[in-house]
Number of protein chains: 2
Amino acid sequence: MSIKFEVTHICKQSGARLGKLTTPHGVFETPFFMPVGTQATVKTLTPEEIKEVSEGLILGNTYHLWLQPGNDIVKDHGGIRGFMQWDGALLTDSGGFQVFSLTNMRKITEEGVFFKHHKNGSQLFMSPEDSIKVQEDLGADIIMSFDECPPPYETFDYMKKSVDRTLRWAKRGKDVLSTDQALFGIVQGGLNKDLRAYSAKELMKMDFPGYSIGGLSVGETKEEMYEITKFLNPILPFDKPRYLMGVGAPDDLINNVINGMDMFDCVLPTRIARHGTALTTEGKIVIKNHIYEKDFSTLDPNLKTHVSKYTRSYIRHLFKGNEILGMRLVTYQNLAYIKHLMQEIRQAIKEDRLLDYKEEMMNKTNYFKKR
Amino acid sequence: MSIKFEVTHICKQSGARLGKLTTPHGVFETPFFMPVGTQATVKTLTPEEIKEVSEGLILGNTYHLWLQPGNDIVKDHGGIRGFMQWDGALLTDSGGFQVFSLTNMRKITEEGVFFKHHKNGSQLFMSPEDSIKVQEDLGADIIMSFDECPPPYETFDYMKKSVDRTLRWAKRGKDVLSTDQALFGIVQGGLNKDLRAYSAKELMKMDFPGYSIGGLSVGETKEEMYEITKFLNPILPFDKPRYLMGVGAPDDLINNVINGMDMFDCVLPTRIARHGTALTTEGKIVIKNHIYEKDFSTLDPNLKTHVSKYTRSYIRHLFKGNEILGMRLVTYQNLAYIKHLMQEIRQAIKEDRLLDYKEEMMNKTNYFKKR
């Protein structure tokens, strides 16, 4: 097995886990957040910059790279790491989420999924074996089982059928894996606890080196999401990493760490950055707002980066003028902030005070406001 | 006077000038090229990166900054340099070119120009005095007289009237200047040599610290452009810098240096970069072309920068995916190349071999192909 994981401390106040994940490309303290590099680039940033604002792990999207430039070309570069010149650790998803969220005209069979290209409409097919083959070419340290990700409010009957098929797909993927990449199983089951428990336990029988939780952050409420992670916390194996897919809002990170999650990824910090919303130690800021027109203060007074030398007035001006530098600066800030937040969360776990930390964050930022 | 200039060598082979321009923010060997930072940002780059790929001088656009965020806000940051955190030297244009190229519904009067905002259509007015006032607020080392820039094929009668008015505007601007910024006069006159000579000589009577050549690179042929710069070379004062506005294609840079020009600016290297055209020591490359799909070589094998570590295949992929990093990398490359080209041009002047250098460039690149 190419990864190792151990829990190193449990927060006495919250029950949150501190851990250590060893990969072929670095050792990382959990819980951590991974920026998303969909097309073998974390949007707007160079690998040097990604290194500065991440823990040293990023996520790549199998679906996108399979279609463009094609996994063969990425493989010929030595995988995503060689292709984009990233020397840190890497995780790829299975493509399943994109197949189900970006495409239409899908037909799901036992064999795999028929669907149309999200841009040019051409007919495509992906099986669990295809997903593993592509992920082998992409060469990540940690890879994912091919799964169906149904909408959260599907019927029980549909969900049960889907979970069973996804379990069979997980087994098929595991059986064809020919590398020492760490393949995670993905727990599905929507908002139904019985199905979630069933999915988790069946996957655990296959003994994966780590377990992902899919099918959350896809339209359900925050309370529903937290309910599921809280429920799965005691069910999932203690000594294996748990990866909550697609979660990256500050309040969701804190609450799901309390619920025993170790790994996170999300496009949110980088996507909202490109539209001018900054995540700071003082809360969320919509930089285009008129109140920042003559604001000569720095974007985040408590987080010193190369962005600190610019005024809010200047960054607002860049967004008003649709300047790419604006997107660069706020993307950098947002990832730097999430990295800082995860460091603070880990520190709070070490000091057995994560609930206090959450309380502080609720008081001093706008991240926990009802949306 | 805040700038000093001297010619330090004349190329025995070509007659091209080598010079030294001293400004409050650096001493620069001429001829040089200035990247364009229209909205107080050289598109896609940070000031640190601009420093690497420029000689240390950039151009800002008065028209754009006057409208957004407004010269008052820029002034309150200590000018463009403080606003964008640029510690090098700076030149601003007068706004005249944008008033005449971006707007419509213009009405030119002796007092100034009435026109509509290029985006929101609101009614605006700029006089020569306004232009100087705005440029004082923007705080560049070198600033420009407010001029009319008529299309190159206007009638002689119109051109004569326009040149006379622009001369009166130059005088008015000079009279109100209250700083020690170096104000250049702008030679106009379209493609008519008599008018060009007249414009130059009348400006020279006003004794400006430098002379710009406007109204070129606006639709005329390359031969017509070279004809005018060649004609003006012996007319303009030997010991004052000559700034050819809006020129930045490699062939145009070489030919106009031979014609005695010292300073250049152009959006071309950065604009074509954002559409995926790279300027390299081996010629122009359209990176989206299919032939680069599996090209594992570096973008420019003879120019070592941080861009060198990526393959053409990867950069092509970034453009196929509309990724901002692609625009960043090619922008950096193109400016690095133009900087490199100007260094080679200056070296060739020192070695009295600029015509030989031009010949080499004609043989080894596609920059001199007829377009």
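The points that follow take up conventions, then the contact between the chains, then a sheet.

1. This is a predicted model, in which local features need pLDDT of at least 70 and side-chain atom pairs count only at pLDDT 80 or more, whereas totals for chains, interfaces and linings use all residues. Residues are numbered from 1 along each chain as its sequence is written, chains are lettered from A and ligands numbered from 1 in the order in which they are written, and side-chain values use heavy atoms, with hydrogens and water left out.

2. Of the area that chain B buries against chain A, 17% comes from His317(B), Glu323(B) and Ile324(B), more than from any other three residues.

3. The rule finds 6 salt bridges across this interface (a side-chain nitrogen of Lys or Arg within 4 Å of a carboxyl oxygen of Asp or Glu). Lys309(B) and Glu48(A) are joined through their side chains by a salt bridge of 2.6 Å, N to O.

4. In chain A, 3 strands form an open antiparallel sheet in the order β1-β2-β3, strands being DSSP runs (E, at least two residues) that pair if DSSP finds at least two bridges between them. The edge strands are β1(A) and β3(A), each pairing on one side only. β1(A) pairs with β2(A) over 6 bridges, and Phe5(A) stands opposite Leu21(A) of β2(A).

Conventions. Buried area = accessible area lost by both parts, 1.4 Å probe. Helix = DSSP H or I, 4+ residues; strand = E, 2+ residues; numbered from the N terminus.
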